[in-house]
Amino acid sequence: MRFFRSEEALRQWQAASSNTGGEALNLMQLWELSKRWYHNRLSRSYHGRTLAEIEGIFSAMNFTSDFWYVSRT
Amino acid sequence: MMDDTLLWDVRAYIYGYFATTTRAPDVDDIARRFDLSQESASEALHALHDKHALFLEPNTTRIRIANPFSAIPTQYQVEASGKTYQANCAWDSFGVVAALGLDDAIVRSVCTGSGEPLRLNVANGEAIDNGTVAHFLVPFRHWYDDLVFT
């Protein structure tokens with residue numbers, strides 16, 4: 001995951017590099033995702049998470065595109 | 001097979017070490033902390049690597065990644081509490097702040113397109129929007145076969 005100074009900078013990079021697709025988050029979305037994902041990472045009780053828990057995080061973030069699909073197979 | 005209770009204790013120790021020192025512990029640190037032989041400490045590290053709880057440098061016992069922390073310098077640096085942490089990527093840079101439970105931090109990175117330095121702020125528990133975006137290129141389901149420890 002990489003930073004771009006603006007959405008326009010991302011578009012220019014995608015056009016120049018043929019790296020189309022993917023998903024872009026603004027900093028507020030990134031911060032919210034980071035809190036949900038990492039808030040308990042230092043805890044002794046953290047043993048990873050289930051696919052259902054991952055889907056729950058993405059759902060809470062309103063990540064509904066195919067990009068965020070978590071396969072259960 | 002190593003006891004899972006010990007493995008989780010070792011994992012927690014490693015993360016606490018990163019949080020306190022900004023660096024990864026080495027196999028000697030782990031052996032001393034848990035009164036293990038070097039061989040057993042190495043076994044614990046490899047077991048955690050196999051679980052994707054952390055990632056070792058190939059063919060070594062050196063920790064390379066314990067998400068969101070990087071054991072080596074990167075273009076994703078987090079300044080917080082008077083320390084500078086290394087993160088693995090854009091997401092992990094904010095992840096370091098979240099994992100440490102902090103409300104204030106500065107993330108220093110670069111724009112992938114232009115190379116322009118970026119300074120991003122978390123202040124009073126909120127990310128300050130300055131137009132910067134984080135781009136995820138690969139669909140999530142392809143990141144790992146086992147997503148449990150991503």
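**View 1. B:Arg11 lies over the face of B:Tyr15 in this predicted model.** The distance to the ring centre is 4.3 Å. A charge sits over a ring if NZ of Lys or CZ of Arg is within 6 Å of the ring centre and within 35 degrees of the ring normal. Local features need pLDDT of at least 70 and side-chain atom pairs pLDDT 80 or more, while totals for chains, interfaces and linings use all residues; side-chain values use heavy atoms, without hydrogens and water. Residues are numbered from 1 along each chain as its sequence is written, with chains lettered from A and ligands numbered from 1 in the order written.

**View 2. A:Trp31 and B:Phe94 form an edge-to-face aromatic pair.** Rings of Phe, Tyr and Trp (its six-membered ring) pair if their centres lie within 6.5 Å; planes under 30 degrees apart are stacked, over 60 edge-to-face, the rest tilted. Over all chains, 20 aromatic pairs are counted. Here the centres are 6.2 Å apart, with 65° between the planes. A:Trp31 lies in helix α2 (residues 27–38) of chain A and B:Phe94 in helix α4 (residues 90–99) of chain B, so the pair joins two chains. Helices (H or I, at least four residues) and strands (E, at least two) are DSSP runs, numbered from the N terminus. A:Trp31 is buried at 4% relative accessible area, and B:Phe94 is buried at 0%. Buried means under 20% relative accessible area, exposed over 50%, partly exposed in between (1.4 Å probe, protein chains only).
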